[in-house]
Amino acid sequence: MTLNELMIAVKEKNLDKDQLEAYRGDMSNVYAQMQMEMADLEKEEALFMENIPETWSEWSVAKIKIAWKATPQGQRLIVLKRYCLATKELLNSLKSRLYSIY
C-alpha cells in the first residue's frame, strides 16, 4: 500500500485489532523506506555542499542551502521530511488505538 492509501484506511473508526496491527506494520515499513531514502538524499546534500562550483565561492551557506532545496533532490527531501512527520503521528495514533483495545 502507498502512504496515501494507508492514511485513508486508518481513518476508519471501526477497525478491529488485526486490521490495526496490519496497518501499523505496513505504515512502519513505509516509514522505514522513507527514512532510508532521506539518508541517501542527505548524503547527496552533503556532497552538494562540498562540491560547490568555484563561481559560488562568495555565496553564504544559507544561499547554498537554498540552491540545494531548489534541486529535484532537495525538493524530494523536503517532501519526505513532512511525510515522515505525518507518518510518525499516524503510527502514534495507531499505537494508542491498539492499546485501547488490549
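## Basis of the model

The structure is a predicted model, in which local features need pLDDT of at least 70 and side-chain atom pairs count only at pLDDT 80 or more, while totals for chains, interfaces and linings use all residues. Residues are numbered from 1 along each chain as its sequence is written, and side-chain values use heavy atoms, with hydrogens and water left out.

## Packing of H2 and H4

Helix H2 spans residues 17-50 and helix H4 spans residues 72-101. Helices here are DSSP runs (H or I, at least four residues), numbered from the N terminus. The two pack at an angle of about 155°, and their axes are 9 Å apart. An axis is a line fitted to C-alpha atoms over the stretch in contact, and angles run from 0 to 180 degrees between N-to-C directions. H2 is therefore roughly antiparallel to H4, a term for angles over 145 degrees.

The crossing of H2 with H4 is left-handed, meaning that the near helix is turned anticlockwise from the far one by less than a right angle. The contact of H2 with H4 has 16 nonpolar, 4 polar and 11 charged residues. In this classification Asp, Glu, Lys and Arg count as charged; Ala, Val, Leu, Ile, Met, Phe, Trp, Tyr, Cys and Pro count as nonpolar; and the others, Gly among them, count as polar.

## Thr-71 in the loop

Thr-71 is placed in the loop between helix H3 (61-69) and H4. Because its relative accessibility is 16%, Thr-71 counts as buried (under 20% relative accessible area; exposed is over 50%, and partly exposed lies in between, with a 1.4 Å probe and protein chains only). The side chain of Thr-71 reaches the backbone oxygen of Trp-68 at 2.6 Å.

## Salt bridges

Side chains of opposite charge can pair when their charged atoms come close. A salt bridge is a side-chain nitrogen of Lys or Arg within 4 Å of a carboxyl oxygen of Asp or Glu, and by this rule the count is 2. One joins Glu-37 and Arg-76, at 2.8 Å from N to O. Glu-37 belongs to helix H2 and Arg-76 to helix H4, so this pair ties together parts that are 39 residues apart in sequence. Glu-37 is partly exposed at 29% relative accessibility, and Arg-76 is partly exposed at 34%.

Asp-40 and Lys-43 also meet in a salt bridge, at 3.7 Å from N to O. Both residues lie in helix H2, 3 residues apart, about one turn of the helix. Asp-40 is partly exposed, with a relative accessible area of 43%, whereas Lys-43 is exposed, with 54%.

Note on methods
Parallel < 35°, antiparallel > 145°, perpendicular 65-115°, else oblique. Polar contact = N/O pair within 3.5 Å; in protein donor to acceptor, adjacent residues only side chain to side chain.
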